[in-house]
Amino acid sequence: MKLYGNGVLITLNSKDPVIKDGAILIDDDIIKDYGKTESLKRKYPKAEYLDVEGKVIMPGMINSHMHFYSTFARGMDLKTDIPPQNFEEILEKLWWRLDETMNSEDIYYSTLYALIDSIRNGTTTIFDHHASYGYIESSLDVIAEAVTKSNLRANLSYEISDRHGKEKSKKAIEENKRFINRTKSLNNDFITPSIGLHASFTLEDETLKEVAELAESTNTPMHFHAAEGAIDEINSRKRGYKNLADRLEKLNILKKDSLAIHGVHLSEAEYQILAENDVYLIHNPESNMGNAVGAINLKKALDKDLTVGLGTDGYTTDMFESINVADLLQKHDNSDPNLGGDDIRKIVFENNRKIAQKYFDKKLGIIEKNAPADVIMLDYKAPTPINKDNYFYHVVFGFNGGLVDTTIVNGNVLMENQEVKVLDYEKTIQKCQKQARDFWKRF
Ligand SMILES: [Zn+2]
């Protein structure tokens, strides 16, 4: 048993959200106890005591939408005379070309890098959405192998799309199906499946019907981009549907607990349809700003009782960065300095936890007795008092991934004193860089 004491404990549980001079007792894979340092020291005299010297101790962060495969795009030359002018051109000139170029080594090393980066930024549970149309079959096994080595938790899916033709979309459906069956033999404490779909506008009705049947027969929720740009709405109306939500609902894609990503162009009525179907909406503020697709009206979505979570869409693995941008975006976009704030706290700390608990059937994202020991520590020395009423503003204005000092998942110490303990850190980074150089030549 390890007793980490003399910290500022942010539990994210409603009973005692912030405990000063706090401590946490980790016994094997669970949080056995938490409270004031002195009282826990007296209660557990045999536990190994570790003084965290005033660091923040809190639950590991949850990233509800990520693309590991985006790693090698960083700084890449698109080799095109005219740069992409809008969202659709960004997809065509960058992402769809990139995913067709990937081989298994590219997938493996881009995933490893993103996992290491997640550990360094204190992100311990990740929902990944994968595409590699040059290497479809068993691509999710390649990712699962990297995730297993990292000791992080991940939900994995392959983005089905008709954009590269019918034959490939069939293979993509098969890959999801194969992996769902495969996960039955994996350790599901760490890896779970969902069924990935790219986006409505690159999917035919016939394909969506097939996917809905797979979801039903395997009882697996779906993970799809929805109304990221205006094109999903325009395309749905062209096909004779009232709007995107109408299309997805009629084709049985709005399965309970599924993840709809972005929702920038959804109407309030569509938010309501998602909420009624118990589908979660994942907000990715940096990505929306970067692609210049607009911003969701978070207040209106939450008012419809929609469970909105927070992801990064591959922009970063640092959820603290995403929190900061999410807060600013709502204020800026609505010209209202009172927006953001508590709504952002709710989506990142309450709703991401709710979603992760559904997919992993564990009490993730919280410090309480008998919850899995997914814990991070940040070397943050607050300039002002920190308490239950204001801790989130310390998160927004003071926290960032670079402050994360220790990352623990299921009781395994993955990083300590900013030293990554898994995945053979230095060697892996070198291999990633070598693989990226090779990939860039083929792009
Ligand atoms: Zn995405």
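Phe 224 stands opposite Ala 260 in strand 13. The model is predicted: local features need pLDDT of at least 70, side-chain atom pairs count only at pLDDT 80 or more, and totals for chains, interfaces and linings use all residues. Residue numbers start from 1 along each chain as its sequence is written.

Strand 12 and strand 13 (residues 259–262) are parallel and share four bridges; two strands pair if DSSP finds at least two bridges between them. Helices (H or I, at least four residues) and strands (E, at least two) are DSSP runs, numbered from the N terminus. Strand 11 (residues 195–199) also runs parallel to strand 12, again with four bridges, and His 223 of strand 12 is the bridge partner of Gly 196. Strand 11, helix 6 (residues 205–218) and strand 12 form a right-handed β-α-β unit (with the strands pointing away from the viewer, the path from the first strand over the helix to the second runs clockwise).

## Burial of strand 12

In strand 12 (residues 222–226), five of five residues are buried, that is, 20 or more other C-beta atoms, placed from the backbone, lie within 10 Å of the residue's own. Met 222, Phe 224 and Ala 226 are on one side, and His 223 and His 225 on the other.

## Domains

An automatic or database assignment gives domain 1 (2–60 + 364–420) and domain 2 (61–360). Their C-alpha centres lie 30 Å apart. The contact takes 21 residues from domain 1 and 27 residues from domain 2, with C-beta atoms, placed from the backbone, within 7 Å. On the domain 1 side, helix 14 (391–398), strand 17 (404–409) and strand 18 (412–416) each give two or more residues.

Terms used:
Contact = placed C-beta atoms within 7 Å. Buried ≥ 20, exposed ≤ 12 C-beta atoms within 10 Å, placed from the backbone.
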